[in-house]
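Subject: Structure for your review

Dear colleague,

I am handing over the structure below, together with my notes on what was found in it. Please read the notes with the structure open beside them.

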Amino acid sequence: MSVLTPLLAYAGLVPLLTFLSFVLVGFLGNRLKGLEWGGWIAVLLSGAAMVVGTLVAVAEMLSPGQYTDVSYTWLTVPGSPGTFPNGVSLVIGFLVDPLSALMLLVVTIVGFLVMLYSIGYMHHDHGLPRYYAELSLFLTAMTGLVLADNLLEFFLFWELVGVCSYFLIGFYYEKPSAASAAKEAFLVTRVGDVLFLLGIFIYFATYATAGGGAGWAASGFKFANGTQPFLGPLVGTNTPLLTVAGLMILGGAAGKSAQFPLHVWLPDAMEGPTTVSALIHAATMVAAGVYLLAVTSVFLGFTPDDQFAIVAIGGITCFFAATMAVVNTDIKRVVAYSTISQLGYMVLAVGAGVTMVGMYHLFTHAFFKALLFLAAGSVIHAVGTQDLFKMGGLRRTMPLTAGAFLVGALSLSGIFPFAGFFSKDDILGSVFQAAQAHPAYWPFFLLALATVFLTSYYIFRAWFLAFGGPAPRDASLPTAHEGPWVMRVPLIVLSGFAIAAGFFVFDPAFASLLPGAGVPPTYTATDLGLSAVSLGLAGSGIALSYTLWGNGRIAAAPTGIAAQMRTVLLNRYYFKVGYDWIGRRAVYTVARSADFVERYVIDGTIRGFEKLFSRGSDLLRRAQTGIVSDYAGYVVAGLVGVLLLILYVGPAIVQSMGGG
Amino acid sequence: MSLAEFLPEILLLAGALLIFLFDVLGRRRLELVGGVAALSLGGALLLVVADLGVSGLAAIRTVPAGSVDLPLAPSLYAFTSLGFVFQVTFLLAGLFVAVASLSRPSDEKGASVFFGLLLIATLGMMLVAVASDLIFLLLAIEVTSLSTYLLVAYPRRDERSLEAAMKFFIIGALSTALSFFGASLLFAAYGGTSFYALGPGVAFVGFPLLAEIGYGLLIAGLGFKVTAVPFHAWAVDVYDGAPTDVAAFLSGGSKKMGIFAFFLVFLGPILLLRSAPDALPATFGASLQLTLGILAVLTMTVGNVLALRQKEMKRMLAYSSISQAGYMLIGVAVGTYPAIAGAAFQVFAHVFMKTGAFLVVAAVAGLGVGPLIEDWKGLGAKRPALSVAFALMLLSLAGVPLTVGFVSKFVLFSAAVEAQGFYVWLAVAGLLNSALSVFYYARVLKAIFLDRPDPTSPVAGPLTGRIGLARSAVIAVAAVAIVGLGIYPGPVLSGISTAASHFVGIGA
Amino acid sequence: MVGILSLTLLTLLLTAVLTFLSGRYAKFVALAGSLVFLAEVGLMIADFTQWAGFGAGGVPQYNYSETYPWISLAWLHINYTVGVDGISLILVLLTAFLQLATVVYSWNESKSPALWFGLVALTGLGCFGVFVALDILLFFLFWEAVLIPMFFMIGYWGGPRRRYAALKFFVYTHVASIVMLVSLLALAFYSGASSFDFGSLYGPARTLMPATQVVLFLGMFFGFGVKFPIVPFHTWLPDAHVEAPTGGSVLLAGLLLKLGGYGLIRWAVELLPTGAHDLAPLLYLVAFTSIIWGALVALAQRDLKRMVAYSSINHMGIVLLAIAVGSSLGITAAVLLMFAHGVVSGLLFMVSGSVHHTFGTRDVSALGGITPRTPALATMVMLGALASLGLPALISFPAEFTALLATWDQLGYWVVVPLLLLVVTAAFYLWMMQRVLFGPPKGIPPTAHDLPRVELAGMAILAGLAIIFGVLPGLLVHVIVSSPISGWP
Amino acid sequence: MSAFSPAGLLALSGALLGLGLFGILTRRNFILLLISVEIAINAAVLNFVYFAAFSGSSSALSGQAIAVVLIGLAATEVAVGLAIVLGLNRLRGSINVAEASALRR
């Protein structure tokens, strides 16, 4: 306990502050030209949110393991016999526990820095009130997600961050590619969301009455019960149903964190402003998938089968995404692929049972990846292109940016003593250990190890192409220059984090935010050996990169099988093509055929009836000849008919119906 | 037998004789003869209402309460509450037509013939309502038939009227022959013609086949009156060709008489089946009901389908009239007292809707508007009150809520469902048909209220003709009754329901 | 003493009559009437603490109930009986809001305004009546009464094929009501209930033989289902929507479809629980068909209104699914979803209407990049679409979530079907937004202006509801669960 | 009375009715139609007279009386029919019923 502990109950202030920013900027932004269209309000309030967020995190550090939950009933349905005998309560609440405190720290700090950076970066754009409002709303949703005290609320904010991401990717909505990318992002993550929902249903229904008292359902399906997990991880229950539930959660996480095979949207999401990429598509929202896995593993737990699936997805993704980064020529997309790849590492760690190690990497990654993006943004801001092959020599005109990018790249590559080294190394070590207990993990460990080489190769390729060499390869580029102070300060701060964040966990107070195996990392002989191997791989990656691309060199285009592989990689393994085919061709064709059936078969039948009646009317009226003898004929025919009915048909029918 | 019991009928007869006397004396002004007719109809109506036991009118009651609703003894006539209800209906139809006709030109030729025959025809119907013997019934029907043939033909210079009368007569005579032949076969089978002899609990003397054929012939013969399909074809031509006021009377009166005749003739075997299943071939009652049910469905469906694309207003109303007869036949086919009550209420309601509608058509024709539905375009703006009244009548015919037509159909179809089993399908058929009917009523409403008049149409002009006070009053009364009974049908409906329950011998 | 329900009926009737008679001041009368209506409903809700509970003999009681004999024969007892429970109250609230929003939105109606606003008031009257009537005849009377104003709205103010659409709408739904009526009558007579009152039907009906219940339920399911509408009896809906004027569409989608859902819950499920239970597989099948079909066909539409219409079929399919599930969670979800759909589809139809008169077309592929020119309209398009595809913090989300949770509870993995179709729903709305709102401007006439103030106000009412109750669905659920349904197995 | 069989008589009256109906259906001349109707009615008269011979006394009207009334009715029918045919003949100059078909459909 400390003086700050009572603050934990007010963690809800963080989303509230940013929501206030959303409302103010959203409604008044158009009249606040002097305040950068409300941008400064957003900066101020996100700064306040950062202060509160940091204080909350510190308070949590000072009371290790503390669970503080404040919640409000959202809706209550009374019980009925069956699954929910005591009714269903859905609540909205704010839970501060070590994990959420850590996430709060990341989100508010990066959020504030990006907001500040935006003042400079976005200065010349139109629609700034919209931008700042949406970004504020995003922070609201993201901090809400972080503080969610139950899966439903988690999902609620999860969707909201998704829609903010949708709007921000589509910020330059006049560009068809941006509009299309926004839609794609929404749709692909939606697939994951649907799986996530199914997972929620399974958990909710399965454990409705578990957990003592009136049961989990009646208590709002909360993660925590005051001071401890409500249900506790379901260790030892390895039922198929729970495995499916875990897989569904993994599906949701894969959608949000762009894991294989739902990774396609993230590179395209780079259509949004670079600031958005830094905040949403590098540091926070995409990490929410990992956070989801972590939260699930802490409060609900995964079955062993789930864990294997998670390890597999993580391992495949980190390698698979890295390969695509190797050939890409767009500075932002290279960084985007590296994000997917790094998220793969985190997923791998969570799957391997060392959740906190994954979260550790999430923490360091948020800073160095945001740094990389903001540095890239600085470059784009200066030269107006994202094509690496047009750039060159920018270290001369933009030394700070070059330095920042270098710090980010070193951290990403896992070079000692940068932040990335500690966390990534921790993952490799932990998975190595886990693989000894679970041999099936070995291939994925090897993939992760190989990725270390690829990572350092592609990120330094990007650095050499952009900053190395004498001058830009495309002479038509404008002369680059550093951005204003609002852009430089975040670069400096983030560089500081990218260098130092790795050491934080060696402080026990901070480490209490990551309570679990593997944090802080230990360094046994095996670990040191593994570190040496990975450092060696990273170093050789840098070396190869320098050989091929250093000093303004352009490597010769590959030939033969390598060229073919390059085409495959440039086409992203044809995943996008395939998904497009499913979406545009398969589903749409089915929809068109349904429409055809709708118009001509279903509705056609109805119209057939209409015709029948009007034809019938005309036909019957033809019998009204006006000639009385015909009418007499009808009478006689009717008589015959009536007699037949009474004497023969009627009795037959009546008898067949069983007498009277 | 006391003559006083027949005071209403005598009043009608006396009125008719007085009118013919005036005619002989050369006093032929329409107001005079029409006034006599209206007064005798009104007086008779008052007396019959008193006979129904309506409180406050006991003093002028002519039939002793103790002789009403007695079990049918072998006699020529018997007084039943339901019969009185039908008498009220007939008299209302006659009165409406008579009063409305007062608005015709006072020097019109043949006025005394018209009003005299109107009274005689009503008299025939009144007698039908008290008949207790098949021959008495058929003769009473003949009284009405013969006078209505002549009523249709009374504008002697009109070729259309004469053609209509000719058709009416030929089919009518054919039906008469069939009815009497059927009656003779029943006579052969039962050895008598009293409904008591044909009714429940009476021994059957032999020749079951003759009885069945006899009933079959009677369906055909009486089917003519109720315009049951396929005995209906004359009706449209006759309603079309006849003077519109006469058509109003035919649809409001003579058809209803047919329904009552159906009750009298066919309820016997149907009820017999229920009380003594072995008196006739066991399946006969059911197969009779089946036949009547099929006839009902056929009638309403054909009537509606025929009306769907009809372009002339009068013919459309005539076809719709046929379909309405189909609904009423449901009551006969079901044969329970709620169904009879439903049919009787439908008959009662029909006076206001259909007779009223024909009277409006006559009024509009008097304004110089043509016979086609499209000639009515834009009338809503020119004659809003008349148009709204007409709209109410059509909506009521369609069975739209808050009109009497809705209540009557609701009760009728409820009753069919109440009988359960096979009869539920009659309700379904009836309801589907009422859905179908909405089409052509809506078409008329659209023409009147939504469309603009053609420039050549009289409606586009000043439309200065007068409708006349008497006719306006009748139309207004009918419209008010439609809404009034639609919102609060309570007393009338429960009276009819009680009467129907007595009619089948429950709680007599 | 006239109770508040009768008073409200009277208010609506007076509003309708006065509106018809007040010529060019009709809109003011209609607005005043709608506000009074809303106030009365507000009073009811404010005063409503909980459902009246079961009375003697397990007969459900209703709040604010009134009974007067109407037709009383030996074999036929019909009363004027009205009353509400939580379910009806919520739908009444929806009625009041939608009527107000429609009046506001169509404030500038220039074609026979007296007639128009009168018909709007009549529709409100009919729907209100349906939701509060507790007697077969009274219920049917209001049920049918709704058709007439809607018929004229479509037939007189509609698009080029309005006559066809109006007739189709009328006949289709009328035929269905007839089947429903016959089933209700049969229910009354076969059960031997002492009157047509809901209360006196309740006990006898629930004890009917299972076979009878199944047949009767089937009839009612068809009758109510066409209003839903259920596939394959749904083709009246797209035609009616496409041709209907905007206000008509709003009321049609927002209120008329709810009549079907309400009727099914109150008159079919509640009275024939065994029938509902035995026919649940059929209901599931139909619900799934509607969900899949609605979403798929919507995906192939280019006309904005048609798209929204088919998405309505999809959403009402989920309502049906939740009703079929039948647990208290399911029924609650169904009612909440009906409220949600009423608000959201109303908003979307307003949006479609405004798109049409702003740009002269509703063809999604003919439009593009309207956001800069008409930001308010674009915002509303976005809000409507997002609400419809189930974005949290907007009203559909809590409803869909509870509905699907209830579905999982009963059906297990079948819930994947509606879940996957959520992706398709998202797909067509996103495609529509991408085309219409984003990209380079296209198909924008030089005269196009942003929303007139009244249209924006009408939308704002609904958008506000979508947000308020999206954030605080508990306010609605608290009322909904206060009904006999919530006491169900 | 067991020896009594009405078959022969019924055949006769049935034939008469059939003849009348045949005439009504085939003749176009109004007068011939009237005669056909008469024949059909007389089939019923024949039945009444014949079955009256062995009917009990339960009937309020004896068969013979009915027969007489029916004959009178037939005469009235003819009178009305002739009135109509006269009017028609005066206006159209023809008594062919098939030619009077202005009212139709």
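In this predicted model, α2(C) passes α4(C) in a left-handed crossing, a crossing being left-handed if the near helix is turned anticlockwise from the far one by less than a right angle, and right-handed if clockwise. The axes of α2 (residues 26-47) and α4 (residues 113-132) of chain C come within 8 Å and cross at roughly 15°, which makes α2(C) roughly parallel to α4(C). Axes here are lines fitted to C-alpha atoms, for helices over the stretch in contact, with angles running from 0 to 180 degrees between N-to-C directions; angles under 35 degrees count as roughly parallel, over 145 as roughly antiparallel, 65 to 115 as roughly perpendicular and the rest as oblique. Helices (H or I, at least four residues) and strands (E, at least two) are DSSP runs, numbered from the N terminus.

On the α2(C) side the meeting residues are A26(C), K27(C), A30(C), G33(C) and F37(C), and across from them in α4(C) are P113(C), A114(C), F117(C), G118(C), V120(C), A121(C) and G124(C). The residues of this contact divide into 8 nonpolar, 3 polar and 1 charged, where Ala, Val, Leu, Ile, Met, Phe, Trp, Tyr, Cys and Pro count as nonpolar, Asp, Glu, Lys and Arg as charged, and the others, Gly among them, as polar. Two residues are in contact if their C-beta atoms, placed from the backbone, lie within 7 Å.

T19(C), found in helix α1 (residues 4-21) of chain C, touches residues that include A30(C), G33(C), F117(C) and A121(C), not counting residues up to four places away in sequence. T19(C) is buried, with 29 other C-beta atoms within 10 Å; a residue is buried if 20 or more other C-beta atoms lie within 10 Å of its own, exposed if 12 or fewer, and partly exposed in between. T19(C) and V29(C) are 10 residues apart in sequence and 5.8 Å apart in space, C-alpha to C-alpha.

Turning to the chains together, chains A and C share the most contacts of the 5 pairs of chains in contact, whereas no contact joins chain C and chain D, whose closest C-alpha atoms lie 25 Å apart. The contact between chains B and C takes 23 residues from chain B and 22 residues from chain C. On the side of chain B that touches chain C, α16 (404-419), α17 (423-450) and α19 (490-503) each supply at least two residues, and α17(B) gives the most, with 8 residues.

The largest nonpolar core has 749 residues, and those with the most contacts inside it are A370(A), L371(A), I330(B), A416(B) and L347(C); such a core is a set of buried Ala, Val, Leu, Ile, Met, Phe, Trp, Tyr and Cys residues joined through C-beta atoms within 7 Å.

Chain A has 23 helices and 4 strands, and buried residues make up 60% of its 660 residues. Chain D comes to 3 helices and 0 strands, with 39% of its 105 residues counted as buried.

Residues are numbered from 1 along each chain as its sequence is written, and chains are lettered from A and ligands numbered from 1 in the order in which they are written. Local features need pLDDT of at least 70 and side-chain atom pairs count only at pLDDT 80 or more, while totals for chains, interfaces and linings use all residues.

Kind regards
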